[in-house]
Amino acid sequence: MLLSFASQTSVGPKRSNNEDCVEHWQPEEHAERLRRGAVAVIADGVGGQSRGEVASKMAVRIAIDAFREAHPTVPSKALLQQIFNKANLAVYEDGMADPAQGRMATTLTVCLFRDRELHLAHVGDSRVYLVRQEQIRRLTDDHSYTGLQLKLRIITEHEARASHLRSMLTRSIGSEPVVRCDYKRLKLMSRDRILLCTDGLYCFINDGEIAEGVDRLNLDEVCPYLISLAERRGTDDNLSVQVVQVDRLNEPKYDSGNSVLKRSHADTPKSMAHEVQVGDTLDGRFQIQEVISRSGMASIYRANDQATGNFVAVKIPHLQFESDPGTFSRFQREAEIGRKLDHPNILHFIDVPGQSRPYIVMEYLQGRTLNDLMNEVRPLPLGDA
């Protein structure tokens, strides 16, 4: 399983110190990565007690070290339980060792990525979301007073976000000598994005906004966008976010019976071994300039057609779908229909013979998107519609 990581943490506009901590680790060697997997961790020190930043950093460091030192054959659920027991006892004992320094506690959320699966353990009110094919799903429950009120349907989600009791935890790392963590196991798909965040972020951005940012933006753009949005909304806490992208569950097999390259009897060019990136030149002709949009199935890029000097839009299915017969058939049918349509009010499709991979080239039109127009002009006049 090939993964990409991006993370960012911010003290926020109203705090003087940062009690959040976020980190990830995976082996550099490919064989070791297959054996051991990867880990992503986030923690939010409890601000009501002293040394919240010490507690969060200690819990994260212990989690990463325990994962690195564990034997690869240890079952994921057992390993997560070991991590949480070790982190909890360390934070608890450190807080009890010097009464003058005061007690300390933290949230802790650990995601293990192994054998095409996500293994998740969680204590506190940090959150983990799965964003898959434009849909968002929350994978954790908040161990807080407002989280309990939500479960009992005493308050709404909107009221919970604004409640002054939202930071009152019912479970945390270090508050007691023993801890009980939630556990969840989930089958992953290629192009899944897993988001870990603290309450300073999600209390000021709704799930729909999180999903849109995670799904539409490049991986390196997601964290700065979400943090900037929460800060503009006036977040009153530290805020941290980490995104893990499942680039591929398996190594690509271009010589398989379903391979589009084999169907076209083409040699495998070196550039075909990865998703298209900004700066690449597709088939020596289309130079990729920027990402226009992404979906769960494909990405659309603005490109320079070096044969004509014009800008074009290039739609390319994600790499893992190219060898899927059903997806390839639907994509091929879309291209065939597009080339047959010829009307001044319908986007013009450009025929490109001898493609090294499936993609659709269309004319690139400047101006507002239909979505922007419909948001700006309400209601849209019947004639314009």
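This is a predicted model: local features need pLDDT of at least 70, side-chain atom pairs count only at pLDDT 80 or more; totals for chains, interfaces and linings use all residues.
The protein chain contains eleven helices and 16 strands. Of its 385 residues, 48% count as buried. Among the contacts that join residues at least 6 apart in sequence, 66% link residues that are at least 24 apart.

Two pairs of packed helices were examined. In the first, α2 and helix α3, which spans residues 76-97, pack at an angle of about 145 degrees, and their axes lie 9 Å apart. The crossing of α2 and α3 is right-handed. On the side of α2, the contact is made by Ala55, Met58, Ala59, Ile62, Ala63, Ala66, Phe67 and Glu69, and these meet Leu79, Ile83, Lys86, Ala87, Ala90, Val91 and Asp94 of α3. Divided by class, the residues of this contact between α2 and α3 comprise twelve nonpolar, no polar and three charged.

The second pair consists of helix α7 (residues 207-216) and helix α8 (residues 219-232), which pack at an angle of about 150 degrees with their axes 8 Å apart. Because an angle over 145 degrees counts as roughly antiparallel, α7 is therefore roughly antiparallel to α8. The residues in contact are Glu209, Ile210, Gly213 and Val214 on α7, together with Val222, Tyr225 and Leu226 on α8. By class, the contact of α7 with α8 holds five nonpolar residues, one polar residue and one charged residue.

Within helix α2 itself lies Arg61, which counts as partly exposed at 46% relative accessibility. The C-alpha atoms of Arg61 and Glu23 are 8.6 Å apart in space, although the two residues are 38 residues apart in sequence.

Tyr92 lies in helix α3 and is buried, its relative accessible area being 18%. Leaving aside neighbours within four places in sequence, Tyr92 is in contact with Arg103, Gly174, Ser175, Glu176 and Pro177.

A disulfide is a covalent bond between the sulfur atoms of two cysteines. Under a cut-off of 2.5 Å between cysteine sulfur atoms, the count comes to zero disulfides. For Cys203, the closest cysteine sulfur is that of Cys197, and the separation of 9.1 Å is too far for a bond. Cys203 is buried, with a relative accessible area of 11%, and Cys111 is likewise buried, with a relative accessible area of 0%.

Backbone geometry was considered last. Most residues other than glycine have a negative phi. Arg191, although not a glycine, has a positive phi of about 80 degrees. The place of Arg191 is in the loop between β8 (182-187) and β9 (193-197), where Arg191 is buried, with a relative accessible area of 16%. Asp283, which is not a glycine either, has a positive phi of about 55 degrees. Asp283 is placed in the loop between β11 (281-282) and β12 (286-294), and it is partly exposed, with a relative accessible area of 34%.

Methods. Residues are numbered from 1 along each chain as its sequence is written. Side-chain values use heavy atoms; hydrogens and water are left out. Axes are lines fitted to C-alpha atoms, for helices over the stretch in contact, and angles run from 0 to 180 degrees between N-to-C directions. Helices (H or I, at least four residues) and strands (E, at least two) are DSSP runs, numbered from the N terminus. Angles under 35 degrees count as roughly parallel, over 145 as roughly antiparallel, 65 to 115 as roughly perpendicular and the rest as oblique. Contact means heavy atoms within 4.5 Å. Ala, Val, Leu, Ile, Met, Phe, Trp, Tyr, Cys and Pro count as nonpolar, Asp, Glu, Lys and Arg as charged, and the others, Gly among them, as polar. Buried means under 20% relative accessible area, exposed over 50%, partly exposed in between (1.4 Å probe, protein chains only). A crossing is left-handed if the near helix is turned anticlockwise from the far one by less than a right angle, and right-handed if clockwise.
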